[in-house]
Amino acid sequence: MKNPFSLVSLVMALVLVITAGAGCGGGGFDSSKNIAVVAREDGSGTKSAFMEIIGLKGKVDPVGAIQQNGTAGVLTEVKGNPVAIAYESLGYVTSDAKTLKVDGVAATVANIKNGTYKIARPLSVIYQESTLENDICQAFLTFLRSSNAQKIISEEGYVSLLDDAPAYTANGALSGAISVSGSTSLQDLMDDLAVEFQKLQKNVQVVVTGGGSGTGYNNAESGVTEFGMISEEFDLGKAPTCTVYTVCNDGIAVIVNKSNPLDNITMAQLRNIYDVDAGASAIIKWETLVN
Amino acid sequence: MRGIFLFCAVFSILALGCICVFLLANGLPFIGKVGLGNFFGTKWDIHNGDYGILSMIVASLYVTALSMIFGVSLGLLTAVSLYKFCPRRAVAPIRQMVNLLAGIPSVIYGLFGLIIIVPFLRDYISPNGVGYGILATSLVLSVMVLPTIVGVSLDALNAVPKNYYEGALALGATKEQGVFKVMLPAAKSGIMAAVVLSIGRAIGETMAVIMVIGGSPAMPTSLFQSVRTLTANIAMGATELSGDPMTALVATGVVLFFFALLLNASFSLLKGGEKRENKRASKANS
């Protein structure tokens with residue numbers, strides 16, 4: 001019995017290793033395949049903003065959409081999946097994915113500023129008025145309005161809203177820590193802003209965590225963190241005691257895998273991909289978009 | 001001193017009580033409020049007050065059933081092999097390895113599934129370009145439940161009196177016939193207990209499932225379709241939702257809790273059956 005046993009186990013191990021290796025390789029784009037629609041979880045600000053702008057406000061995802069719990073998950077999926085389509089904060093998109101033109105307009109900061117690229121939304125922090133009695137919070141808000149912050153915002157690919165902002169003057173007496181949580185679309189930028197703020201205010205620490213816009217609303221409303229980050233128009237109903245400050249505007253890019261030949265997509269096509277009630281006009285396969 | 005001991009003993013009962021009260025007090029009124037028809041409906045749309053979790057119950061059951069088919073067939077044959085068919089010297093190391101599987105955190109199973117299994121299914125097996133779904137999840141879960149199935153059913157086989165097997169051989173049965181026709185039936189209730197335990201593990205697993213299931217609250221129609229299990233539903237929304245949708249997650253927890261109770265009860269019944277059988281067997285021997 002000994003030899004057959006070891007032979008079988010050897011073969012099994014080989015099959016497993018080959019499978020694992022093949023899994024890493026990945027296939028190419030195939031237009032006969034279904035579009036793998038990638039969406040975000042309920043409570044995501046990017047999702048509610050995107051669905052509202054393309055005209056599907058309050059609708060659920062199409063049947064079988066892959067739900068990712070954060071901006072990073074969306075990018076990873078599109079990077080690895082040749083037949084995926086997704087929406088993603090423009091400031092977050094890297095060269096790992098291909099950004100589509102929408103109605104022929106490229107998703108750039110200039111096009112968002114002049115209003116030709118339609119899929120854009122504000123990124124904001126919300127806070128309770130009483131929070132500003134804390135000098136650090138007040139200073140952080142002043143910093144967000146300063147030219148120091150606007151410079152980082154522009155550098156990172158977001159749309160600055162203040163043209164002639166004053167420079168930030170540090171207050172040497174400040175020391176302590178504050179925390180900011182919420183939208184993962186704003187998290188990356190907020191990390192960079194926090195690093196800059198901590199350079200200017202040596203004794204201050206700003207802790208930035210994600211969780212999604214829903215978390216941002218909850219934490220700011222209940223005072224768990226001083227600031228909540230949201231990536232949609234402020235909805236007073238979700239945090240009745242809070243005030244909003246819009247840090248910058250951000251486009252939402254429509255992204256596909258790099259091996260995808262598609263360059264441009266229309267609003268109508270996007271609607272027919274993401275509309276759960278599209279019925280007969282629903283776009284299921286890549287063939288419909290790519291010839 | 002006795003007071004402290006008593007407190008420790010009572011503490012777990014208190015914890016259980018608190019969790020029960022929390023679940024039922026929050027969940028049941030909510031189910032009553034939205035109505036059974038809504039709560040056990042197929043539409044989950046929290047913006048419009050639809051909290052139907054039927055599709056998630058179905059997805060949970062599919063995932064569990066399929067992972068049991070994979071896991072039990074592999075695990076049971078592993079146990080049989082370790083029991084009689086593999087070289088003596090290899091038994092201890094293989095058992096150790098299988099037990100090691102139980103020590104791997106579930107998030108690592110999830111990562112493996114996300115990075116290896118999902119892309120593999122997507123590129124080579126799936127007809128529609130989706131790797132996420134019931135098949136990917138079942139594959140991950142079937143490996144996760146292996147330690148339970150192998151360990152418990154091997155113990156059950158070892159608990160069967162040796163003279164059953166020797167008797168079978170003496171009557172002219174081959175080694176295979178002895179094991180499959182005599183020993184396995186005799187260890188039946190122990191093996192069933194192993195299956196029930198692993199069903200519990202599969203239906204309650206969250207982290208690994210979330211990473212490979214896809215997450216869309218749709219009724220499963222294919223093995224390669226993004227769906228959502230009960231556990232995934234709770235975990236995906238728990239940190240972001242508030243108000244009614246949050247309570248809906250607690251109510252989802254009530255349903256999950258009910259499944260767990262059901263499994264525990266059947267496990268106790270099976271354990272009782274095994275004890276009775278062993279007693280009968282040892283009486284017959286003496």
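Helix axes here are lines fitted to C-alpha atoms over the stretch in contact, and angles run from 0 to 180 degrees between N-to-C directions. Helices (H or I, at least four residues) and strands (E, at least two) are DSSP runs, numbered from the N terminus.

This is a predicted model, where local features need pLDDT of at least 70 and side-chain atom pairs count only at pLDDT 80 or more, while totals for chains, interfaces and linings use all residues. Residues are numbered from 1 along each chain as its sequence is written, and chains are lettered from A, ligands numbered from 1, in the order in which they are written.

Let's start in chain B. Helix α4 (residues 88–103) of chain B packs against helix α7 (residues 146–159) of chain B at about 135 degrees, with the axes 8 Å apart. That angle makes α4(B) oblique to α7(B), because angles under 35 degrees count as roughly parallel, over 145 as roughly antiparallel, 65 to 115 as roughly perpendicular and the rest as oblique.

Who touches whom? In contact means C-beta atoms, placed from the backbone, within 7 Å.

| Helix | Residues in the contact |
|---|---|
| α4(B) | Val98(B), Asn99(B), Leu101(B), Ala102(B) |
| α7(B) | Leu146(B), Pro147(B), Val150(B), Gly151(B) |

Now for chain A. Strand β7 (residues 176–182) of chain A runs parallel to strand β8 (residues 204–211) of chain A, joined by 7 bridges; strands pair if DSSP finds at least two bridges between them. One bridge links Val180(A) to Val208(A) in β8(A).

Finally, the two chains meet: 32 residues from chain A and 30 residues from chain B take part in the contact. On the side of chain A that touches chain B, α1(A) gives the most, with 6 residues.
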